[in-house]
Amino acid sequence: MEGLVEFKMGDGAVVAVEAADDVRGAKLVSRDGTVRAAHTFENALDGVRSAAEAALRVFRDGTLQPDGVEIEFGVKLSAETGAIIAKGTAEGHLVVKLTWTPATT
C-alpha cells in the first residue's frame, strides 16, 4: 500500500487518505508510512471549491443558460500541497454536464 496522509478536520477528527505522488515527483516518507498534512482537510479543499465556483459561474452566467450544471473533478490529496485536480490522462480531470428541460406549452 502507498503511504497515507492524515488530514485533521475542523472538528478535530482525523481522516487518512492514500498519498498522492508529489507534483514534482518526490514522495513523502515516514517510518510508519503515514504523514501528517500541512493543511486541515477543509483548507486542502478550498482551492477545489473555488475552482468549482468559478466553473459554475462560467456556465450559469453565459449565453447557454442551462437548467442544470454538473461538474466533476478528480481530486488527489497531498500532504504538502493540499488538494490537486487529478489528471485523467495527461491533462487535468474535469467533466461538465449541462442540461436543459424542454419548455411545456
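This is a predicted model: local features need pLDDT of at least 70, side-chain atom pairs count only at pLDDT 80 or more; totals for chains, interfaces and linings use all residues.
Is Leu 45 buried, partly exposed or exposed?

1. Leu 45 belongs to helix H1. With a relative accessibility of 28%, Leu 45 is classed as partly exposed, because the buried class requires a value under 20% and the exposed class a value over 50%.

2. Once neighbours within four places in sequence are set aside, Leu 45 contacts Val 75, Leu 77 and Ala 83. As for Val 75, this residue is 30 residues away from Leu 45 along the chain, and the two C-alpha atoms are separated by 9.0 Å.

3. Strand S5, residues 75-78, and strand S6, residues 82-85, are antiparallel and are paired through four bridges. Three residues lie between S5 and S6, and the two strands form a hairpin. Within this pairing, Val 75 is placed opposite Ile 85 of S6.

4. Ser 78 is also located in strand S5. Its relative accessible area is 3%, so Ser 78 counts as buried, the limit for that class being under 20%. The side chain of Ser 78 makes a polar contact of 3.2 Å with the side chain of Thr 81. Apart from residues up to four places away in sequence, Ser 78 touches Phe 7 and Ile 84.

5. Strand S1, residues 4-8, runs antiparallel to S2 and is joined to S2 by five bridges. Phe 7 is found opposite Val 15 of S2. Val 17 has contacts with Gly 3, Leu 4, Val 5, Phe 7 and Leu 77, when its neighbours within four places in sequence are left aside.

6. Which residues make up the largest nonpolar core? The core has 11 residues in all: Val 5, Phe 7, Val 17, Val 35, Ala 37, Ala 44, Val 48, Phe 73, Leu 77, Ala 79 and Ala 83. S1 and helix H1 (41-60) are the elements that contribute two or more residues to this core.

7. A last remark returns to the opening residue. Leu 77 and Ala 83, two of the core residues, are among the contacts of Leu 45.

Conventions
Residues are numbered from 1 along each chain as its sequence is written. Side-chain values use heavy atoms; hydrogens and water are left out. Two strands pair if DSSP finds at least two bridges between them. Buried means under 20% relative accessible area, exposed over 50%, partly exposed in between (1.4 Å probe, protein chains only). A polar contact is a pair of N or O atoms within 3.5 Å; within protein, one must be able to donate a hydrogen and the other to accept it, and residues adjacent in sequence count only if both atoms are side-chain atoms. Contact means heavy atoms within 4.5 Å. A nonpolar core is a set of buried Ala, Val, Leu, Ile, Met, Phe, Trp, Tyr and Cys residues joined through side-chain atoms within 4.5 Å.
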